[in-house]
Amino acid sequence: MAIRNIILSDNELLRKISKPVKVFDENLSILLDDMYETMVKANGCGIAAVQVGVLKRVVIIETNGLKLELVNPVITNSKGKQVSAEGCLSVKDIRGDVERPYEITVKAYDRYGNEMTITVCDFTAKAVCHELDHLDGILFTDKMLPAKSKGKK
């Protein structure tokens with residue numbers, strides 16, 4: 001396993017659409033292992049392959065003791081809504097509120113090519129949505145709600 005460089009928001013690669021994984025092999029496993037190690041080292045709870053410079057539809061999420069490796073993920077259902085602050089390993093020094101579904105169902109594959117469907121809610125749903133956006137070249141800052149004024153006028 002190796003720590004990879006996390007690319008930052010000024011890198012145009014983050015705005016590209018990632019390509020589906022077609023081959024489930026040792027290279028994919030190495031990528032997933034490296035992504036996980038990189039995410040942990042950076043104190044993150046999610047990372048997409050594009051954030052380490054690889055245009056593949058692969059994300060890792062680790063929240064509330066649940067570790068998810070999602071290959072070619074697709075949201076098949078969503079319910080409710082939640083608004084909360086987000087940050088990103090690729091976007092330094094910016095946090096902002098984003099509206100996301102409260103619950104989502106995702107169809108994906110594991111590192112071995114086995115299909116799975118998982119339903120997650122609350123913070124984990126937010127993290128999955130955030131990482132899946134990366135696969136389509138979308139950053140959380142694109143969806144950030146306008147800041148609310150805290151002072152009186």
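This is a predicted model: local features need pLDDT of at least 70, side-chain atom pairs count only at pLDDT 80 or more; totals for chains, interfaces and linings use all residues.

A: Lys 22 counts as exposed because its relative accessibility is 74%. Although Lys 22 and Gly 113 stand 91 residues apart along the chain, a separation of 9.1 Å lies between their C-alpha atoms.

At the start of α1, Asp 25 places a side-chain oxygen within 3.1 Å of the backbone nitrogen of Asn 27. The helix itself has 16 residues, and from its first C-alpha to its last it reaches 22 Å, close to the 22 Å expected at 1.5 Å a residue.

Several residues of α1 are buried, namely Leu 28, Ser 29, Leu 31, Leu 32, Asp 34, Met 35, Thr 38 and Met 39. An α-helix has 3.6 residues a turn, so residues three or four places apart point the same way. The buried residues of α1 pack against β1, β2 and β3.

These strands belong to an open sheet of five strands, arranged in the order β1-β2-β3-β6-β7 with antiparallel pairing. At its edges lie β1 (46–48) and β7 (115–121), each of which pairs on one side only. On average, neighbouring strands of the sheet are turned by 40° against each other, direction ignored. Within the sheet, β2 (residues 58–63) and β3 (residues 66–79) run antiparallel and are joined by six bridges. Glu 62 stands opposite Lys 67, which is in β3.

Helix α1 packs on this sheet by touching β1, β2 and β3, and its direction makes about 40° with that of β2. Helix α2 (residues 122–135) also packs on the sheet; it touches β1, β2, β3, β6 (103–109) and β7, and its direction makes about 160° with that of β2.

After α1 comes Asn 43, whose phi is positive, near 60°. As for cysteines, the structure holds zero disulfides. Cys 45 is in no disulfide, and the nearest cysteine sulfur, that of Cys 88, is 9.9 Å away. Cys 45 counts as partly exposed because its relative accessibility is 29%. Cys 121 has its closest cysteine sulfur in Cys 129, at 12 Å, which is too far for a bond. With a relative accessibility of 36%, Cys 121 likewise counts as partly exposed.

Terms used:
Residues are numbered from 1 along each chain as its sequence is written. Side-chain values use heavy atoms; hydrogens and water are left out. Buried means under 20% relative accessible area, exposed over 50%, partly exposed in between (1.4 Å probe, protein chains only). Two strands pair if DSSP finds at least two bridges between them. Helices (H or I, at least four residues) and strands (E, at least two) are DSSP runs, numbered from the N terminus. Axes are lines fitted to C-alpha atoms, for helices over the stretch in contact, and angles run from 0 to 180 degrees between N-to-C directions. Contact means heavy atoms within 4.5 Å. A disulfide is a pair of cysteine sulfur atoms within 2.5 Å. The expected span of a helix is 1.5 Å times one less than its number of residues. A polar contact is a pair of N or O atoms within 3.5 Å; within protein, one must be able to donate a hydrogen and the other to accept it, and residues adjacent in sequence count only if both atoms are side-chain atoms.
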